[in-house]
Amino acid sequence: MLALLALLAANTALGDSLPPGNEATFLGELPVVLTAARLVQAQRDAPGAVTVLDREMISASGVRDLAELLRLVPGFQVGQLSGAWPLATYHGLADQAPRRMLVLVDGRSAYSPYFLSGIEWEQIPLDLADVERVEVFRGSNAVAYGANAFLGVVNIISRHPADAPRLRFRVTEGNDGITDRTLGTAIQTPDFTARLTLSRRQDEGLLALPDSRRSDHVDFRAELPLGARNGLEVFAGLSRSRVGVGEPNSETDLTRQRRIDLGFGQIRWRQEVDDDNHIVLSLLHQEEEGRDRYALINPGDLATLPFPVRVDVNYDSAISRNEVEFEQTIGGPQAWRLNWGLNYREDRLRSRQLLGARSPFTSRYLRLFANGEWRVAPDWLINLGASLEDPNFAKRKLAPRLSANYHMTESQTLRIALGQAYRFPTPFEKQADMRFFAESPLIAAPGLVAQTYRSAPDLQAERVSFQELGYLAELPRWRSTLDVRVFRERVSAMIERRVENHTLYLSIPSLSPFPIPIPAQTAYFDNSVSPTIYGFEAVATYRPGLRTWIQIGHSQLRINASDGDPKAEENERSAPRHSSFIFGAWELGHGLQASAAYTHTSAFGWSSGPGGRLDDSHRTDLRLAYRFALGPNLATAAVTAQSLEGPYSTFRPGQESNRRIFATFGFEF
Amino acid sequence: MTTLLRLFTLLATALASAWGATAAHGEVLVVVSESGGAYDEAAEAFRAELQRLAPRQTVVVNPVGNLGSMAEYQLIVTLGSQAARSVAAMGQRPPTIHSLVPKATYDRMAGLKDGRDTAVLLDQPATRQIDLIRVALPGFGRIALLEGGESRELVGQLAEAARERKFAVQREVVMRDNDIFTALQRVLSDPAALIATPDTTVFNGYSIQNIMLTAYRQRSPVLGFSASYVRAGAVLGLYSTPAQIGRQTAELARAALGGQPLPPPQNPRYFEISTNPQVARSIGIFLEEPAQIRASIARLEGVAQ
C-alpha cells in the first residue's frame, strides 16, 4: 500500500509553481493544512449544541473504549451489554442495540445494518491515541450528518498522519485480564504522509458472564498532497474480534465464541478550487463477516419430547457496503456559505437466519442535502438546510432544519433551532424473518418450532420534530465556558418492538397422528407510539491550561409516552431523569497529571429488551499520569482506577462491570 | 509553435542587449530574476515610485540572463536572489541595491562590498513580529521558537525582543527533520504563539502540516511570514508584498541617486498583516481587523504607513 502511495505521489511534489531562488520561501504557495473541514467549528457559530472532547481529555479520562467517553457528555447514557458490546445513546428510547444516534469515524458511518443495528463500537479499528477529537452534536442533524443522525451524532475525527510520532508503542495491563497493546508508526515525506497503527484490546468482560473479548485492529491513514490546493486522503482499517457471547444458564442463548471481521477502504479527494469553493469526493467500500453458529438440543417446549431433536442456530452474516459522496462548499464564513452534496449508499446484507428467504437483502439509500449559512448581520447567523432522503425500502422524506445564532455580546450567544429528522427502518426491522427449525430422523422434514421475529412490510420511517434553545457563554478571560440547552423532541411513528402470541404446530407422525402445538412468541416492529422528550442540559467548563480543567455537566430530562403506548412505563423510564458528571484534570508539575471523572445516573432501564431497571448509580474513575522525556523521546506512565465504588450494573441488574485498575506505559520515538 | 516562441525570445533578447549597450549615463538598471509574478510586481512598483520621486529618471528592466556591461549605469537594482547573485558576481559595477532577497541569501552572497552594495530584505524585523503578537494576541504571554541550522541568529533576536517585551520564551533546537515532532510537543506544551521563520530546514512545504496541526491542537496561534502561511492555517501573517518592497527600493534608489551613501541592508518598512479569523475563532481567539492591527504596529514603530 505504501509503495502504491509513493508511486501515486511521485509526480505530485509540492511547490512546482514556486519561483526560483530562496525568496520562494516568502513568495511561494503552501498547502492548505487547516481546511475548514479540519477545524473545530466555533461553538458560537454551530447550528446546535456541540461538545468537543479533545485528545488531552480523552487520555485524561482513562477510558479504553470510545463509547465510555460519552459518560462525559450531558444527556448520554452509557452501558455494557457484554464485554465487547458497549451501549451508548442520547436521550433514552434504546434497547440492547441503541440505534437512534449516529457515530461517524472520519465521515464513515459506524451504524451497522446487521440485526438490530446500532453502533458497532468494537469494530471501529481506531486506536484511542489516534483520535484527534470527538465532536458530539447533541440533537438531530440529518442535514449535516445524514442517515440516522436522529437524536444525536458522535463525530470522531482521527489524527492526521503528519501529527503522529514516527514510532510509538503502548502497553496496558490490569485486572479482569486487561491486556492492551498498541504499536504505531508514521512516515512523512514531501510526497505523502501516512500512519499505521496495530492495536489489541483484550479483557474478560463483565462479571458473571462468559463475555471475554479480544479485538485486533489495523488502522491506516495517508495524505497525499496533489499540489497546494488539491489532496487525496486514504483511510483503511481491519478489525477482528473474538468475543464470548451467550448466557451461562440460558437454554437457547448458549455460551460460545462469536467472530466478527471487518475491513474497509476509503478515499477522499479534496480540491480547494479557490478560497471560497471547496469540493470533496469520497468513495468507501466495507466488508463485514460474522461467524456465530451453534446447535440446541430439545430447547424450550421441546424438552418434553421423548427423543432428541436438534435446532440449528446460524447467525453467520456477511455485509458489504459501497458509498459515494460528493460535497461542495461555496462562499466564505464572513457573509454566506452554501454547502450541498449527494450521497449514495448501498448495503448488501446476507443472513439466512435473520432474513430467511429475503436474504440477501440490498438496501439503497440516496441523499441530497443543502445548507445555507447567512451572516445576516455581524451578530446574527442563520442556518437553513434540508436533506432529502430516498431509500429503496421506505418512502422518501424531506428533513428540514433551521437555526439562528444571536451573539448578544462578544462572549454570549443565544441559539434557537428547530426542524425534523427521520430514521428509516433497518433491514431487520422491516424484513426480519427469523425462524428456527427442529431436525430429527423421526421428523420427515425440518419442522418450524419458533419464529422469533417476523417482517413488517408496512414499516415506515420514524420522525423526530425538535425545538431547542441554547445559551453559550465563552469567557476567554476567565478561561471558562457555559453551555445550556433546553429542548423538546417529539418522536412520532416511533418504530417499536411488539410481540404477538400464537401457536405453531410440529408434525411428528411417529409420535402422534396430530401435530403437536407449540406456544410461540413472535416479535415484529411497528410505527405506533409518539413519545416526547424534553429537558435541559448544562455544562460549565473552567480550563486554565491544556491539561488542567474542571468540567461539570448536568442533564435533566423527562420522556412522556403517548396515549395508548403499551410500553408507556418502559419508554418513560428508558433514560435517567437526571444525570451529572464532574470531570477534572490537574497538571501537578514535573510531568505529573492527575485526573478524575465522577458520574451519577438516576434510576432507569434500557427499554424494549431484556434489560431490567437499574438503580441510581455512581461511578468514580481516577488516573495519575507521569510524562517524561527519555532523550529526545516522550514516555508516559499512568495508573487508572475505574469504578472505585465497586462493581455496578449498566444494562441488566446482576451483570456487573467490575472495578478495574490498570497501568499503562507508552513511548513515542 | 515552440520554434516560433524560441525565435521570439531570441529576438527580444538581442533587442534588449542592443538597448542595454547603448544605455545613457544616469540610468537605473533593474535586473529581475525572471519575468512575471512577484518580480514584475516589484519592478513595476519600483518604476512607478521612482518616477514619482524623480520624474526624469529612466529605468531599464532586464532579465538576469542578459547582463551586458554595467559600468554605464548609475545604479543597479536586483530583484530576487538569482539576479542578486549574478550581479554580485560581476567585478566592475556601480552601486547596487539587492532587493526582494531573504537575509539568509544576502548574508551568504560573495562579491559584496559595504558602501557599494545594500539590500532591501524580505525578512521582517524581530521587534515587529513580537509587537504584532503583543498587539493582536493580548492574552498570550508565551512565544514559541524553533531554531534550525539557518536561523540561530534570527531566533536569538526574536527571543531577545520577546523577553524585552516580557514574554516567556519556549525555544527548541531542531537539527534534523525528525526532531520537529518532539520539539513542537515541547515548545507548545502550553499554548504559545509560534513564530515561523524562513529557515527551510525547519519550516518547509511538508513540515508545515505537522507544525500547523500540532499548533492547532495545542491551541497555539502561528505567526507566518507570508500570505500563504495564513491560507495554510496560520492565525496571523506579517509580510511585505513585492510592490511594497519595490516602493521601498525606489525610495532608497532615489536617495542613492541624490548622492547619499548606501545604508546597510534594510528590513521592510512597509508591511501587510493578514489574519485567518476561522482558525482563530476555532481556537478561541478574537482578532481585530488586519488594518487596525497594522495601524497599531505602525504607531508603535512611529512610522506612517
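1. Conventions. In this predicted model, local features need pLDDT of at least 70 and side-chain atom pairs count only at pLDDT 80 or more, whereas totals for chains, interfaces and linings use all residues. Residues are numbered from 1 along each chain as its sequence is written, chains are lettered from A and ligands numbered from 1 in the order in which they are written, and side-chain values use heavy atoms, with hydrogens and water left out.

2. Sheet in chain A. Five strands form an open sheet in the order S1-S8-S9-S4-S5, with mixed pairing; strands are DSSP runs of E of at least two residues and helices runs of H or I of at least four, numbered from the N terminus, and two strands pair if DSSP finds at least two bridges between them. Strand S1 (49-54) and strand S5 (108-109) of chain A are the edge strands, each having a single partner strand, so one side of each is left without a neighbour in the sheet. Inside the sheet, strand S4 (residues 101-105) and strand S9 (residues 152-158) of chain A pair in the parallel sense over five bridges, and A:Leu102 has A:Val153 in S9(A) as its bridge partner.

3. A:Asn314. This residue belongs to strand S18 (residues 310-314) of chain A and, at 29% relative accessibility, counts as partly exposed (buried means under 20% relative accessible area, exposed over 50%, partly exposed in between, with a 1.4 Å probe and protein chains only). Setting aside neighbours within four places in sequence, A:Asn314 is in contact (heavy atoms within 4.5 Å) with A:Asp292, A:Arg293 and A:Gln353. The side chain of A:Asn314 also reaches the backbone nitrogen of A:Asp316 at 2.9 Å.

4. Aromatic pairs. Rings of Phe, Tyr and Trp (its six-membered ring) pair if their centres lie within 6.5 Å, with planes under 30 degrees apart counted as stacked, over 60 as edge-to-face and the rest as tilted; by this rule there are 21 aromatic pairs over all chains. One of them joins A:Tyr365 and A:Phe424, edge-to-face at 6.3 Å centre to centre with 70 degrees between the planes. A:Tyr365 lies in strand S21 (residues 361-377) of chain A and A:Phe424 in the loop between strand S24 (412-423) and helix H6 (427-431) of chain A, so the pair ties together parts that are 59 residues apart in sequence. Both A:Tyr365 and A:Phe424 are buried.

5. A further edge-to-face pair. A:Trp549 and A:Phe583 are 5.5 Å apart centre to centre, with 75 degrees between the planes. Because A:Trp549 is in strand S32 (residues 548-560) and A:Phe583 in strand S33 (residues 578-589) of chain A, this pair ties together parts that are 34 residues apart in sequence. A:Trp549 counts as buried at 1% relative accessibility, and A:Phe583 counts as buried at 0%.

6. Helix H7 of chain B. Eight of the nine residues of this helix (residues 179-187) are buried, among them B:Ile180, B:Phe181 and B:Leu184. The buried residues of H7(B) pack against strand S36 (633-642) and strand S39 (660-668) of chain A, and also against elements of chain B including strand S6 (142-147) and helix H8 (207-217).

Methods: Polar contact = N/O pair within 3.5 Å; in protein donor to acceptor, adjacent residues only side chain to side chain.
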